[in-house]
Amino acid sequence: MLKVSIRIAAAIAFAIATANLNETARAAAAVVTHATTVHKFVAIDGVKIFYREAGPATAPTILLLHGFPSSSRMFDTLIPMLADRYHLVAPDYPGFGHSDAPSADKFSYTFQHVADIADKFTQALQLKKYALYVQDYGGPVGFRLAIAHPERITAIVVQNAVAHTDGLDDKRWAGPHAFWADRAKYEDQFRQRLTALQGAKARHLGSSPHPERYSPDLWEDEFAYLSKPGIAEIQVALFYDYQSNLAAYPAWQDYLRKYQPPMLIVWGKYDPSFALPEVAAFKRDVPNAEVHVLEAGHFALDEAVDEIATLMRTFLEKLPQ
């Protein structure tokens with residue numbers, strides 16, 4: 001009888017545990033939804049801009065700004081983890097992803113021009129207020145938006161984007177400085193550097209000790225995009241203008257110090273492009289910034305999307321609605 005009782009008790013305990021696990025699974029699944037995600041185009045100054053959108057239109061908006069050589073696709077895994085509570089909008093810049101890519105001799109590929117297009121994009125979608133998620137090239141675009149319209153910015157999530165020279169390691173950035181100083185001499189070399197398959201792979205893997213966590217589709221797809229006619233010229237032109245961002249850093253820092261926007265920094269520590277001291281630089285300007293250094297690389301969503309989504313939800317919930 002005792003053995004039977006023990007078996008019954010064990011069965012009951014197992015059933016309760018299983019029920020709890022199922023409830024937990026259902027609770028987790030409840031915050032992940034692809035149901036509202038749509039893929040659209042809007043014309044801005046004659047350029048067709050592609051964007052992904054999800055979540056209730058009346059919910060607080062998050063504007064997701066991608067890096068190089070990615071597109072709004074980099075947010076595919078993050079968007080459904082936030083779409084139950086937030087309105088998410090992720091555009092492709094001109095010359096990226098599914099947006100139009102007018103040739104470099106017909107369109108001025110500068111970060112200011114891309115930011116102007118992004119600004120007009122937010123106006124076309126009637127985005128009155130929004131939190132920014134900035135990664136890599138998203139930093140120069142996003143900080144220009146913040147300076148132009150500080151009243152619209154509810155918060156900034158920084159994920160491996162820079163606004164200080166602290167993040168530009170001298171050794172890693174010696175090549176770009178040489179290119180900016182003598183474009184004619186280094187342009188062919190930089191075209192190869194920006195568009196090579198191994199370069200695309202290295203940008204994702206960085207020094208991560210877990211390369212097996214990364215899908216080869218990431219760099220294979222980016223390489224295919226970079227190999228399309230005219231794209232290399234576009235990327236060379238835009239990267240040549242990257243030096244304008246360094247000149248703008250003091251203005252961005254002044255904005256941060258003056259407005260003290262709520263800031264969440266989620267930094268992949270295996271980044272081959274931007275150095276970790278950038279995190280401390282942001283903290284100098286925004287002392288109350290929340291910082292998390294992650295086991296991830298330059299594209300931290302590749303390896304830590306669950307963690308970033310959780311951190312964002314906790315951070316955003318603290319903001320006034």
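Q: Which residues line the largest cavity?
A: In this predicted model, the lining of the largest cavity consists of Ile49, Pro91, Asp92, Tyr93, Pro94, Val114, Ile117, Ala118 and Phe121. A residue belongs to a lining if it has an atom within 4 Å of a point of the space concerned. Residues are numbered from 1 along each chain as its sequence is written, and side-chain values use heavy atoms, with hydrogens and water left out. Because the model is predicted, local features need pLDDT of at least 70 and side-chain atom pairs count only at pLDDT 80 or more, whereas totals for chains, interfaces and linings use all residues.

Q: What makes this space a cavity rather than a pocket?
A: On a 1 Å grid over the protein atoms alone, a cavity is a set of points where a 1.4 Å probe fits but cannot get out, while a pocket is an open set with protein on both sides within 12 Å along at least five of seven lines. The structure holds one cavity of 30 Å³ or more, and the largest cavity has about 50 Å³ of space. Such a volume is the space filled by probe spheres set on the points, which are joined across faces, edges and corners.

Q: What is the make-up of the cavity lining, and which helix supplies the largest share?
A: The lining has eight nonpolar residues, no polar ones and one charged residue. Here Ala, Val, Leu, Ile, Met, Phe, Trp, Tyr, Cys and Pro count as nonpolar, Asp, Glu, Lys and Arg as charged, and the others, Gly among them, as polar; Asp92 therefore counts as charged. Helix 3 (residues 111–124) gives the largest share, four residues. Helices (H or I, at least four residues) and strands (E, at least two) are DSSP runs, numbered from the N terminus; the chain has 12 helices and eight strands.

Q: What is the volume of the largest pocket, and what lines it?
A: The largest pocket holds about 530 Å³ of space. Its lining has 23 residues, of which Ser70, Ser71, Arg73, Met74 and Asp221 lie nearest the centre. They divide into seven nonpolar, seven polar and nine charged. Helix 8 (217–226) supplies the largest share, five residues, and helix 12 (301–317) also gives at least two.

Q: Why is asparagine 245 called buried?
A: Buried means under 20% relative accessible area, exposed over 50%, and partly exposed in between (1.4 Å probe, protein chains only). Asparagine 245 has 0% relative accessibility and therefore counts as buried. This residue of helix 10 (residues 243–259) is in contact with Phe111, Pro140, Arg144 and Trp252, leaving aside neighbours within four places in sequence. Contact means heavy atoms within 4.5 Å. Across the chain, 51% of the 321 residues count as buried.

Q: How do you know that methionine 263 is buried, and what does it touch?
A: Methionine 263 has a relative accessible area of 2%, so it falls under the 20% limit and is buried. It lies in strand 7. Not counting residues up to four places away in sequence, methionine 263 touches Ile156, Val158, Leu256, Phe282, Val286, Ala289, Glu290 and Phe315.

Q: How do you know that the span of helix 6 is close to the expected one?
A: The expected span is 1.5 Å times one less than the number of residues. Helix 6 (residues 183–195) has 13 residues and reaches 17 Å from first C-alpha to last, close to the expected 18 Å. Helix 6 also bends by about 35° at glutamine 189, the bend being the angle between axes fitted to the seven residues ending there and the seven starting there.
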